[in-house]
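Let's walk through this fold together, one piece at a time.

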Amino acid sequence: MSLALTCEGATKLITVSGEIDMSNAHLLAELVEFVCRPPLPVIAVDLSAVRFFGVHGVSALLQSQQTAADAGAAFLLRDPAPCVTYILATTAVLASFALTGGPASGVGPATAPATTGDVAGRGFRTHERARDR
């Protein structure tokens with residue numbers, strides 16, 4: 001995994017590429033913790049170049065989101081790769097994240113994704129329980 005931190009105005013952009021697994025997921029959470037210092041930024045995590053996303057990545061994103069919330073910072077996932085979207089949807093946590101597209105993605109401002117149907121326009125479908133239909 002490779003991490004890069006840049007500033008886009010008031011937004012701190014963390015760009016992640018490669019594989020997020022048990023050997024490195026904690027590094028993402030540690031970087032978010034480092035970024036959560038006054039003045040409080042908007043933290044966007046660009047996941048478009050992630051090739052593998054394991055359960056430790058889910059944990060790191062949830063921990064990062066909580067760290068940002070505790071500090072009073074906004075936390076966004078920018079243009080998550082299909083493997084990220086799929087795992088977050090499968091583990092039923094996708095709806096807890098604000099999603100936004102990258103500069104060239106055509107996706108508008110941060111939105112909360114749907115929990116059923118086409119997940120964030122990626123062609124993945126979540127399971128609907130019979131009572132939710």
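**A helix across the sheet**

Start with helix α1, which lies across β1, β2 (11-20), β3 (42-53) and β4. Against β2, α1 runs at about 175°. Keep in mind that what you're looking at is a predicted model.

Another helix packs on the sheet too: α3 (residues 82-90), which touches β3 and β4. The direction of α3 makes about 100° with that of β3.

Now for the sheet itself. Five strands form it, in the order β1-β2-β3-β4-β5, and it's an open sheet with mixed pairing. Which strands stand at the edges? Those are β1 (2-8) and β5 (98-100). Each of them has a single partner strand, so one side of each is left without a neighbour in the sheet.

Zoom in on the β5 end. Strand β4 (residues 74-78) and β5 run parallel, and three bridges join them. To find one by eye, pick Leu76: its bridge partner in β5 is Ala98.

Next, the helix pair. Two packed helices are described by the angle between their axes and the distance between the axes. For α1 (residues 25-35) and α2 (residues 55-71), the angle is about 10° and the axes are 8 Å apart. Angles under 35 degrees count as roughly parallel, and α1 and α2 are therefore roughly parallel to each other.

Which residues make that contact? From α1 come Ala25, Leu28, Ala29, Val32 and Glu33. On the α2 side, you'll find His56, Gly57, Ala60, Leu61, Gln63, Ser64 and Thr67.

Time to zoom out. The protein has three helices and seven strands. Reading from the N terminus, the elements run β-β-α-β-α-β-α-β-β-β. As for how the chain touches itself, take the contacts between residues at least 6 apart in sequence: 60% of these join residues at least 24 apart.

Last stop, the surface. How much of the protein is buried? Of its 133 residues, buried ones make up 39%. The accessible surface comes to about 7100 Å², and 56% of that belongs to carbon and sulfur atoms.

Note on methods
Residues are numbered from 1 along each chain as its sequence is written. This is a predicted model: local features need pLDDT of at least 70, side-chain atom pairs count only at pLDDT 80 or more; totals for chains, interfaces and linings use all residues. Side-chain values use heavy atoms; hydrogens and water are left out. Axes are lines fitted to C-alpha atoms, for helices over the stretch in contact, and angles run from 0 to 180 degrees between N-to-C directions. Helices (H or I, at least four residues) and strands (E, at least two) are DSSP runs, numbered from the N terminus. Angles under 35 degrees count as roughly parallel, over 145 as roughly antiparallel, 65 to 115 as roughly perpendicular and the rest as oblique. Contact means heavy atoms within 4.5 Å. Two strands pair if DSSP finds at least two bridges between them. Buried means under 20% relative accessible area, exposed over 50%, partly exposed in between (1.4 Å probe, protein chains only). Accessible areas come from the Shrake-Rupley method with a 1.4 Å probe; for residues, only the protein chains shown count as cover.
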